[in-house]
Amino acid sequence: MITIYHRFNTSFNQLPTCIMALATSFLLFLSFSFWFNALATSHASPTAPFLFPETKATVVPNPRRFFSPHLLSAPLPTNSFFQNFVVGKGEEPEYIHPYLVKTTTSSLSLSYPSRLSNSSLVRQVFVPDLTITSLNKTSPRSIRNTRHRISSFSDLSVTLDLTSSNLRFFLVRGSPFLTFRTISRSTTGLSISTTHPILSFSSTDSLTKHTVKLNNGQTWLFHTSVPLPLTHSTSQITSSDFSGVIRIAILPDSNAKYEAILDKYSPCYPISGHVELTMPFRLEYTWKKKGRGKLLLLAHPLHRRLLSGNNVLAGFKYKSIDGDLVGVIGYSWVLKLKPVPVTWHSIGGIRGKHFPEIVSALQDDVDALNSTTISTSSSYFYGKSIARAARLALIAEEVRFPKAIPLVAKFLRDSIQPWLDGNYGRNGFLYERQWSGLVTKLGSSNSSEDFGFGIYNDHHFHLGYFAYAIAVLAKIDPEWGRQYRPLAYSLMADYMNIGLGSFSYSFYPQVRCFDLWKLHSWAAGLYNFSDGRNQESTSEAVNAYYSAALLGLAYKDNHLKGIGSTLAALEILSAQTWWHVRKGDDMYGKEFTKKNRLVGILWANMRDSKLWFAPAELKACRLGIQVLPISPITEVLFSDADFARDVVEWASPSLSLSGVGESWKDFVYALKGIYNYGSAINSIRKLKVHDDGNSLANLLWWIHSRGG
Ligand SMILES: *[C@@H]1O[C@H](CO)[C@@H](O)[C@H](O)[C@H]1NC(C)=O
Ligand SMILES: *[C@@H]1O[C@H](CO)[C@@H](O)[C@H](O)[C@H]1NC(C)=O
Ligand SMILES: *[C@@H]1O[C@H](CO)[C@@H](O)[C@H](O)[C@H]1NC(C)=O
């Protein structure tokens with residue numbers, strides 16, 4: 001350990017905070033070492049947590065504006081389902097299924113969104129159906145900051161306070177009820193207003209249930225924990241004296257059964273939810289609840305597929321851009337999924353008769369490695385280059401061409417080490433303390449550099465490529481692997497820190513990009529977007545967790561392998577559920593489904609056919625960004641040959657468009673290889689250029705491992 005710190009000490013001595021970081025890491029090292037020695041039974045050598053040298057990022061927003069002070073000492077989420085509440089003005093809506101929720105300084109608006117869908121996009125429309133605030137806003141001198149406040153958050157919820165209105169909202173994902181209460185014991189004058197005229201308003205005799213019908217056809221139920229007299233005008237419902245808990249739910253259907261269900265489950269409300277991922281391919285959700293009776297929440301289609309147990313109220317449905325949400329009873333859910341194979345080499349193997357063709361390409365690709373240096377300093381493109389090179393070593397193993405391996409190992413050592421040692425110069429990884437994570441040297445002061453890595457965009461993509469290359473190097477050069485293990489783990493833990501058990505790093509969030517409720521990652525970081533977080537490339541997200549699993553394989557760390565495999569499997573299922581658009585699907589509407597076989601950018605609240613870097617017409621680019629990088633896990637992601645055929649037939653005509661560069665053919669032909677080996681191999685043999693993360697050797701390896 002000390003020798004590695006030492007390297008940093010000299011190479012980063014231009015950074016004044018560096019010495020501090022070293023001191024902190026060393027203390028962490030001391031305090032953790034007991035645990036590591038005690039718990040590292042299955043590990044050859046104990047891993048002490050490594051902290052990259054610190055820097056001050058000038059491009060990140062200040063988290064103090066929206067997070068309660070007591071939350072600031074622990075890592076904060078940077079790519080989460082409530083990110084809009086804590087960046088910019090904090091006033092863009094978020095999709096807390098089944099409602100869009102938008103907050104201002106003193107009010108919170110709720111929308112049960114309608115959907116706009118055509119051949120190019122699907123989007124939910126925010127309309128403030130109900131807006132909740134206080135009639136008598138106070139601003140006691142003790143509250144310096146009158147903005148809305150995040151007073152706590154968990155894997156499955158966020159608690160938002162409107163301090164000046166004395167209101168606290170428990171925003172729990174998948175709750176058919178919006179639940180809120182007064183913060184202090186004093187009462188508040190409650191106002192619930194609407195942009196739609198109120199057609200009727202009625203209360204039960206007990207004054208604990210109230211029904212509002214609006215002229216847009218919506219019916220909303222308010223359940224209150226104590227009798228609450230409410231008065232109304234045509235656009236507002238008020239109480240001069242509110243204290244207690246209110247739960248508000250839309251009646252999604254006029255069927256009387258729906259109302260009876262909402263009534264029955266209204267007394268029990270969730271306040272937070274935790275996800276346990278300690279065993280491979282198994283997630284356990286547990287909610288903290290208050291009140292009495294059983295908890296009712298909603299599950300999205302992928303939850304439903306994975307849920308074990310039979311507490312599903314299949315007939316109780318809310319609509320959603322992610323597919324119908326259905327009722328589930330209980331404060332604990334277990335989700336189980338099928339294991340995915342995480343292997344270094346092709347899953348089914350390659351016939352020996354194909355080796356010579358692959359070896360010949362490999363020889364050229366490896367020779368070329370040693371006559372070039374990586375010209376880019378971008379953390380993304382650099383990552384792709386080293387992962388590309390790493391593939392060559394594994395292909396060499398598979399086609400029994402060991403001569404190439406030391407050459408690749410040398411290339412990898414020479415190109416990876418400078419980033420880990422901190423002496424690359426043109427760029428590097430540094431630790432940023434406000435949001436607790438890695439930033440790149442270039443990204444820390446310019447949010448356009450490294451695709452916004454400095455504002456926490458795309459971490460799993462960039463670091464996933466590094467993790468891949470490091471895993472391979474640790475495999476082929478175990479001595480190097482041992483030496484760099486603490487850095488390898490720290491790099492990966494920036495995006496996947498969950499379930500590392502005693503190896504979890506207190507200086508990173510549990511997961512940075514992965515959404516434990518939605519079950520896929522978000523790439524967008526600290527930026528306000530009107531449609532919430534987004535992710536474009538699911539295949540690069542899969543690569544990130546697959547690579548984490550490979551690190552586990554390289555270090556004989558079964559636990560890491562299991563957790564990485566689990567997130568990879570979930571990312572694959574999510575891609576297949578929400579990005580892959582099958583002909584018979586009805587999730588996104590007829591027109592969208594007819595024109596699109598793949599979603600371009602998936603937003604929390606929108607599905608777009610465009611890409612960040614290309615218009616919707618360039619379908620081959622859309623195909624490519626959902627396939628790259630090609631590796632053994634690609635077979636699992638595209639396990640459905642009929643779907644692969646549909647995607648290729650849909651995208652192929654665009655190959656002749658001028659905006660589609662030659663290198664996108666790599667991925668079209670790769671997918672074609674799944675169902676038409678002969679045609680694909682002929683096309684591939686004619687290719688002159690390849691994507692910068694791909695190579696001829698890799699393409700031939702892929703095609704020949706498809707059969708033939
Ligand atoms: C988004 O953030 C930018 C930068 O902080 C800010 O200028 C803008 O007003 C924000 N927009 C909204 C709607 O919050
Ligand atoms: C789809 O709807 C969006 C938003 O209203 C609009 O901008 C776009 O032009 C529409 N596309 C088509 C093909 O109709
Ligand atoms: C920030 O980075 C972008 C992308 O590399 C570059 O075009 C721009 O000039 C940079 N801005 C500054 C102020 O350096």
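## A lysine and its partner

K665 counts as buried, its relative accessibility being 17%, where buried stands for under 20% relative accessible area, exposed for over 50% and partly exposed for what lies in between (1.4 Å probe, protein chains only). The side chain of K665 meets that of E662 in a salt bridge, with 2.8 Å from N to O, and E662 is partly exposed at 41% relative accessibility.

## Basis of the model

This is a predicted model, in which local features need pLDDT of at least 70 and side-chain atom pairs count only at pLDDT 80 or more, while totals for chains, interfaces and linings use all residues. Side-chain values rest on heavy atoms, with hydrogens and water left out, and residues are numbered from 1 along each chain as its sequence is written.

## Salt bridges

A salt bridge is taken as a side-chain nitrogen of Lys or Arg within 4 Å of a carboxyl oxygen of Asp or Glu, and by this rule the count is 25. Among them, K209, E259 and D263 are linked in a network.

K518 forms a salt bridge with D322, the closest N and O atoms lying 2.9 Å apart. This pair links distant parts of the chain, 196 residues apart, with K518 in the loop between β28 (514-515) and β29 (520-521) and D322 in the loop between β23 (312-318) and β24 (325-329); strands are DSSP runs (E, at least two residues), numbered from the N terminus. K518 is buried at 2% relative accessibility, and D322 is buried with a relative accessible area of 0%.

Notes
Chains lettered and ligands numbered in written order. Helix = DSSP H or I, 4+ residues; strand = E, 2+ residues; numbered from the N terminus.
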